[in-house]
Amino acid sequence: MDGQDGNQQPQLVLAHKLFLLTHPDVPDLDKIRLREEVFSSVKSNDMVPLYESLAADSILEMDQAVLDSMRAKIEDELKKLDEKIADAEENLGESEVREAHLAKSLFYIRISDKEKALEQLKLTESKTVAVGQKMDLVFYTLQLGFFYMDFDLISKSIDKAKNLFEEGGDWERKNRLKVYEGLYCMSTRNFKKAADLFLDSISTFTTYELFTYDTFIFYTVLTSIISLDRVSLKQKVVDAPEILTVLGKIPHLSEFLNSLYGCQYKSFFSAFSGLTEQVKLDRYLRPHFRYYMREVRTVVYCQFLESYKSVTMEAMANAFGVTVDFIDLELSRFVAAGKLHCKIDKVAGVLETNRPDAKNALYQATIKQGDFLLNRIQKLSRVIDL
C-alpha cells in the first residue's frame, strides 16, 4: 500500500494543502505557493473531478486545454486497464484478475473519482479471497473517506474491518486500524477513545500513509491531556519513552505537557497560546478548536483548584500570569456551565471550592432513576387497566 515505506499518501498531502488554501489565517503569499502546488498535483494525477469542483468554487482557474488533455489521458489509461482485465480473465488466473481490478481501483482513487473508485473497490473485493487483502481494500476506502472527510463512509469501513478481523487477520493490520479509528474518533470529537487507541498504537505505529510519527505523537499528547487523569497521564504520556524521543521536536508541546503536569501554570499558558496556531491549522482538529481550548482550560483550572478549599482570585491570577478580571470572566463561564465546582465571592475576591461527594451524587442519581422507573410503571399500569 502507499505509505508503507514511510511516505504519506499523496491524496492526503493534497487534502491538507487544499485545507490550508481555504483557511482564513494562512497568509496570501503562502496561498500563492499552495495554489501552484495544488494545481501541479491535480494536473500530474489527472484529477478531473477535483479540478472541476475547485474551478467551480473559484479556488483554481479553469484551463480548458488542461482539462481536455487530462480527459484524453484518462480515456487512454482506462482502455489499457480494461484490456489488462480482459486479458487476465481470458488467459490468466484469479490472482492476476484481482490485481488487474485493483490497478483500476487505484487509478480511480488517483484521479479523485470517488464514486467510481468505491464501485471498483467493491468489484475488486468480490474477486478477493484472503482476509488480509480484503483489509487492504478497506484501508484504501478509509483513505478515500479521510480525503473527502466522509465520516459516514469512514464509520462503515471501520465496522467492516472489525467484522473482517473476526474471520482472521494479522496483528500489523489490526494495529494500523487502531490508528485509523483513533483519527476518526478525534475528528468526530471523541477524544477519550482517540487517546486510548493512539496510546495502544505508540509502540507499533506503522501508519505512515496517514501522517508522520511526529504528528501521531502530537495528536496522542493533545487527546491524552483532556482525557486521562493525572496518574495515567504520568504513566502513559509524561514518562513514555516513545513520546519523550519526539516531544522536543514539536514546538511548544514539551512545555505544554510538562508545565501542566508540573503545575507551572504561567509556562503552561505561554505554551498553550503557541500551540493554538498548530491546532487551528490542522484539518482534523480545526472544527473542534473552540471545544478543545475550552476542555484544556477546564482541566488546568480543575487541577489548580483541587489543592484548595478556598483561594483568592489574585493568587490564582498570579499563578497563571493573567489579570484578576480575566480569571473572574473565565471562571464565571465555567462555573455557570457546570464545568467547575466552586463559588465566586466577588466582594471578598475569593474562590470557594465545593467538590461533589461521589457517594452523594450516586445516591441522587439512584433516587432520580427510581422516580423515573416508578412513573413509567404507573403509566404502563394505566394502559393495561384500559
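**Charges**

I began with the charges: the protein has 50 positive and 58 negative ones, and their mean positions are 6 Å apart. For this tally Lys and Arg are positive, Asp and Glu are negative, and His and the chain ends are not counted. I placed each charge at NZ of Lys, CZ of Arg, CG of Asp or CD of Glu.

**What I am working with**

This is a predicted model, so local features need pLDDT of at least 70 and side-chain atom pairs count only at pLDDT 80 or more, while totals for chains, interfaces and linings use all residues. Residues are numbered from 1 along each chain as its sequence is written, and side-chain values use heavy atoms, with hydrogens and water left out.

**Overall build**

I looked up the secondary structure and found 19 helices and three strands. These are DSSP runs numbered from the N terminus, with helices being H or I over at least four residues and strands being E over at least two.

Next came the dimensions. The C-alpha trace spans about 85 × 70 × 45 Å along the principal axes. The radius of gyration is 27 Å, whereas a compact globule of 386 residues would come in near 21 Å. That radius is taken over C-alpha atoms, and the globule rule is 2.2 Å times the number of residues to the power 0.38.

I then checked the surface. The accessible area is about 20,400 Å², and 52% of it belongs to carbon and sulfur atoms. The method is Shrake-Rupley with a 1.4 Å probe, and for residues only the protein chains shown count as cover. Of the 386 residues, 45% are buried; that means under 20% relative accessible area, with exposed being over 50% and partly exposed in between.

For contacts (heavy atoms within 4.5 Å), I took those between residues at least 6 apart in sequence, and 59% of them join residues at least 24 apart.

Most residues other than glycine have a negative phi. I noted two that go the other way.

D46 has phi near 55°. I found D46 in the loop between α2 (28-44) and α3 (48-56), and it is buried at 5% relative accessibility.

R189 has phi near 70°. This one sits in the loop between α9 (171-187) and α10 (191-201). R189 is partly exposed, at 36% relative accessible area.

**Cysteines**

How many disulfides are there? I count zero, taking a disulfide as a pair of cysteine sulfur atoms within 2.5 Å.

C342 is buried, at 5% relative accessible area. I also looked at C185, which is buried at 4%.

V138 is in helix α7 (residues 131-148) and is buried, with 4% relative accessibility. Skipping neighbours within four places in sequence, I get contacts from V138 to S157, K160, A161 and L164. I also took the distance from V138 to Y301: they are 163 residues apart in sequence and 42 Å apart in space, C-alpha to C-alpha.

K104 is in helix α5 (residues 94-110). Is this lysine buried or exposed? K104 is buried, at 12% relative accessibility. With neighbours within four places again set aside, K104 touches L78, L81, D82, I85 and Q120.

How values were computed:
Buried < 20%, exposed > 50% of the residue type's maximum accessible area, 1.4 Å probe, protein only.
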